[in-house]
Amino acid sequence: MSTDTVTRPVGRYAYDEVDRTFVSQRVAQFREQVGRRVAGDLTEDEFKPLRLMNGLYLQLHAYMLRVAVPYGMMGSDQMRELAHIARTYDRDYGHFTTRQNIQFNWIRLEDTPDILERLAGVNMHAIQTSGNCIRNVTCDEFAGAAADELLDPRIHAEILRQWSTLHPEFSFLPRKFKIAISGSPHDRVAARFHDIGLVAHPGPDGRPVFDVFVGGGLGRTPIIGVKLRDNLPEEDLLAYLEAVVRVYNAYGRRDNMYKARIKILVQALGVEQFREKVDAEFAQMNRADYRLEPAIVEGIRARFGIPDLDAPADAAQKLEADRKADARFDRWVRTNTHTHRHEGFISAVVSIKPDGGIPGDVTADQMDLIADLADAFSFGEIRVTHMQNVVLGHVRKDRLRDLWLRLDGAGLGTPNIGLVGDIIACPGLDYCALANARSIPIAQKLSARFANPELQENIGNLRINISGCINACGHHHAGHIGILGVDKRGEEFFQLTLGGSAENDVAIGQIIGPALPEDETVDAIARLIDTYLVLRHEGEAFIETYRRLGAASFKDAVYAPA
């Protein structure tokens with residue numbers, strides 16, 4: 001990394017000339033590869049691994065380009081460029097994913113080099129958003145802002161991004177590999193459902209240490225990750241992760257893609273034997289080559305801009321007065337904000353789940369508006385969440401109502417974060433070549449069915465996750481109510497799971513019974529929720545009632561005659 005003078009963007013790493021040259025060279029390389037494909041000099045089979053390393057999929061109707069948003073952080077300038085791409089090269093919208101990236105679903109192959117060149121102009125790319133490599137490292141959407149945070153995980157997420165990008169040993173792993181990192185005691189990154197999940201906290205001397213979880217994942221074989229190491233010192237972070245991925249690379253199966261993820265290897269060896277192999281690899285490495293000295297970490301930290309958190313002394317009182325004067329605003333504050341570490345600030349969550357809308361879809365005009373609002377209210381910083389929403393991390397409390405008024409006027413003020421309308425859904429059979437069923441229509445019908453904000457608040461915290469196939473991009477196993485699309489003799493059916501969670505009370509949802517036809521699924525879920533409302537104790541959330549009573553009562557409701 002060079003030490004040239006840079007303008008430091010708030011909340012994200014500032015590229016230097018080395019970074020920009022690398023990305024530009026990669027664009028030029030891919031432009032040449034696309035040219036050879038268009039000219040017929042490369043077959044699709046030959047071209048496929050090249051395009052996948054640049055985030056380009058061939059889906060049902062068109063090419064899909066997945067753009068990396070490192071640990072979910074971007075700036076207003078980058079969001080405006082995404083809006084331009086949506087408007088110019090796609091059908092006027094993009095789709096935020098559960099890995100904090102954004103996808104464009106209607107891309108022409110011939111346009112991809114120009115798109116990547118435009119992305120490079122704002123320090124973005126699509127490298128390693130697909131393929132059997134280490135994918136985008138995901139992070140807490142409230143990193144650096146949350147009141148309960150112990151350590152800001154973005155610095156180490158950036159270190160992991162640099163370590164894993166085009167890593168010579170790990171560019172062709174047995175399967176894709178996903179890492180998440182949190183610095184809060186509250187797991188907001190689904191750490192135990194990742195190939196490697198890291199939870200950072202201060203050690204005895206104040207330096208960061210990491211609890212390391214390994215072997216978690218969803219998909220065809222959902223497994224909760226196991227703790228491999230407590231209190232890993234910061235200086236050994238890269239060496240230890242290198243040892244873990246080396247063991248996976250050496251022993252992971254390549255003969256069967258359904259058994260190729262690290263979770264299968266950990267289960268096959270057993271955690272003790274897997275740990276022994278990692279420790280043996282770790283012991284024989286020259287750890288000095290990988291040591292994260294404090295100066296290196298501080299060098300990375302210095303390239304992150306820091307917001308000037310200066311608020312009037314009466315900012316909190318102004319917010320309280322605004323809430324008392326406007327019931328709709330008060331409701332939105334209850335559901336769509338998160339406590340900030342600074343008393344005069346608050347984090348605002350912009351729901352990308354309007355009533356009856358498509359989860360995660362955002363139009364070009366909405367992208368431009370979010371960029372404008374980020375500039376006006378949150379230091380130009382934007383965060384994409386793995387729940388398919390957007391966060392403005394640092395909003396002055398006395399200005400929060402002004403932000404809400406502008407969001408509400410643009411249809412982005414839906415008060416449903418963490419409620420039944422905050423549905424996570426993959427693109428499903430409307431776009432995806434792997435899907436068995438359409439996730440989007442079910443999500444839209446459920447969202448419309450429960451659109452009433454009073455009803456949503458009365459139901460309380462409830463996570464609904466929808467996947468269009470067993471690959472589980474909608475994380476259905478982690479939903480309090482999970483919905484999985486399946487194919488039955490050419491017809492779309494939906495299987496329900498109950499009791500999943502990706503947070504501290506991590507659990508895998510259990511199948512409740514036979515799959516339902518598409519036209520019965522929404523009514524069945526409505527009966528299931530009605531049952532919860534009848535059976536719950538005062539103050540009891542859906543997941544708590546389910547765990548207290550078990551599945552029987554809910555199963556009776558789901559399969560009750562119409």
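β6 and strand β7, residues 179-182, pair in the parallel sense over two bridges. Strands here are DSSP E runs of at least two residues, helices are H or I runs of at least four, and both are numbered from the N terminus. Two strands count as paired if DSSP finds at least two bridges between them. In β7, A180 is the bridge partner of T138.

Before going on, the ground rules. This is a predicted model, in which local features need pLDDT of at least 70 and side-chain atom pairs count only at pLDDT 80 or more, while totals for chains, interfaces and linings use all residues. Residues are numbered from 1 along each chain as its sequence is written, and side-chain values use heavy atoms, with hydrogens and water left out.

Back to the sheet. Five strands form an open sheet with mixed pairing, in the order β6-β7-β8-β9-β10. Why is one side of β6 and of β10 left without a neighbour in the sheet? Because β6 (138-139) and β10 (226-233) stand at the edges, each with a single partner strand. Helix α5, residues 154-164, packs on the sheet and touches β6, β7, β8 (196-202) and β9 (208-214). Contact means heavy atoms within 4.5 Å. The direction of α5 makes about 160 degrees with that of β7; axes are lines fitted to C-alpha atoms, for helices over the stretch in contact, and angles run from 0 to 180 degrees between N-to-C directions.

Now the domains. The chain is divided into domain 1 (17-122), domain 2 (138-303), domain 3 (314-409) and domain 4 (424-559), with bounds from an automatic or database domain assignment. The C-alpha centres of domain 1 and domain 3 lie 29 Å apart, and the contact takes 23 residues from each of these two domains. About 1,900 Å² is buried between them, 57% of it from carbon and sulfur atoms. Buried area is the accessible area (1.4 Å probe) that two parts lose on being put together, summed over both. In domain 1, M79, R80 and F96 lose the most area to domain 3, together 30% of what that side buries.

Four salt bridges are found across this interface, a salt bridge being a side-chain nitrogen of Lys or Arg within 4 Å of a carboxyl oxygen of Asp or Glu. On the side of domain 1 that touches domain 3, α3 gives the largest share, seven residues.

Last, the arginine. R323 sits in helix α10, residues 315-325. R323 and R401 are 78 residues apart in sequence and 8.5 Å apart in space, C-alpha to C-alpha.
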